[in-house]
Amino acid sequence: MRSRPSSSGCCPPSRTPTLPEAVFELPDAASTTRLGAAVASRLEPGEAVLLYGPLGMGKSTLARGLIRALTGPDEDVPSPTFTLVQFYESEPPVAHFDLYRLTRPEEAAEIGLDEALDDGCAVVEWPERLGEDAAAWLGPDRLTIVLAEAGAGRRATVSGAGAWESKVKDLHVI
């Protein structure tokens, strides 16, 4: 089990350290899904994927693409907005967290965030709800994806920490 941080501020992506970065233009939902699949192909147990962006930017679409790449194209992948977490049997096992409704970072432990990374990986929407030091909850191996509007589509700015520092350059969306 990972140690739990005691801070409770906000950690916007602009305040994270500079890490190796890639930028992807995502003109439609299909390209967002393909980015999720590209991430899935490199995901290993103990790693977390953090999805930042305002409502409606495609966080759930990206997560769905990642999860279906691991489980199969017909997997039902509902947004965990109300359940807070969905677990999927795959290789590696994956847990999809939506932290939007959390009121305190400590609630992440109550829904199993720390345990999810013990044997599998985690996709986390709204990781800023974990406070100023999301790394304390998620460990060293993290991929951060910031989704923003770009004309009629989206732009994904991707950066990696730990094992993901070297994997970011290998991500491609066809």
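Buried here means under 20% relative accessible area, exposed means over 50%, and partly exposed lies in between (1.4 Å probe, protein chains only). The model is predicted: local features need pLDDT of at least 70, side-chain atom pairs count only at pLDDT 80 or more, and totals for chains, interfaces and linings use all residues. Residues are numbered from 1 along each chain as its sequence is written, and side-chain values use heavy atoms, with hydrogens and water left out.

**Chain and confidence**

- The chain has six helices and seven strands; helices (H or I, at least four residues) and strands (E, at least two) are DSSP runs, numbered from the N terminus.
- From the N terminus on, the order of elements is β-α-β-α-β-β-α-α-β-α-β-β-α.
- Of the 174 residues, 50% count as buried.
- The accessible surface comes to about 8100 Å², and 51% of that surface belongs to carbon and sulfur atoms; areas come from the Shrake-Rupley method with a 1.4 Å probe, and for residues only the protein chains shown count as cover.
- Contact means heavy atoms within 4.5 Å. Among contacts between residues at least 6 apart in sequence, 68% join residues at least 24 apart.
- Mean pLDDT is 85, and 88% of residues reach 70 or more; pLDDT is the predictor's confidence in each residue, from 0 to 100.
- Residues 1–17 stay under 50 in pLDDT, and the model has 39 contacts for them beyond four places in sequence.
- Where pLDDT is low, the predicted coordinates should not be read in detail.

**Helix α2**

- Helix α2 covers residues 59–71, and its 13 residues should span 18 Å at 1.5 Å a residue. The expected span is 1.5 Å times one less than the number of residues. The end C-alpha atoms are 18 Å apart, which agrees.
- Its buried residues are Lys59, Ser60, Leu62, Ala63, Gly65, Leu66, Ile67 and Leu70.
- Cover for these buried residues includes α1 (29–40), β2 (48–52), β3 (85–88), β4 (94–98), β5 (121–125) and β6 (142–150).
- Gly72 follows α2 and has a positive phi, near 135°.

**Strand β5 and Val124**

- Five of the five residues of β5 are buried.
- Cys121, Val123 and Glu125 point one way from the strand, while Ala122 and Val124 point the other way.
- β5 pairs in the parallel sense with β2 over four bridges and with β4 over five bridges; two strands pair if DSSP finds at least two bridges between them.
- Val49 stands opposite Val123, and Phe97 stands opposite Val124.
- Val124 has a relative accessible area of 0%, so Val124 is buried.
- Val124 touches Val49, Leu50, Leu51, Phe97, Leu99, Leu113 and Leu138, not counting residues up to four places away in sequence.
- Leu99 lies 25 residues from Val124 along the chain, with their C-alpha atoms separated by 7.2 Å.

**Nonpolar cores**

- A nonpolar core is a set of buried Ala, Val, Leu, Ile, Met, Phe, Trp, Tyr and Cys residues joined through side-chain atoms within 4.5 Å.
- The largest has 29 residues, of which Val39, Leu66, Leu143 and Ile145 touch the most other members.
- β1 (21–26), α1, β2, α2, β5, β6 and β7 (153–161) each supply at least two residues of this core.
- Helix α2 gives the largest share, five residues.
- Apart from this core lies another, of 22 residues, among them Ile111, Leu117, Ala122 and Trp137.
- Ile145 touches Val39, Val49, Leu50, Leu51, Tyr52, Leu62, Ala156, Thr157 and Val158, not counting residues up to four places away in sequence.
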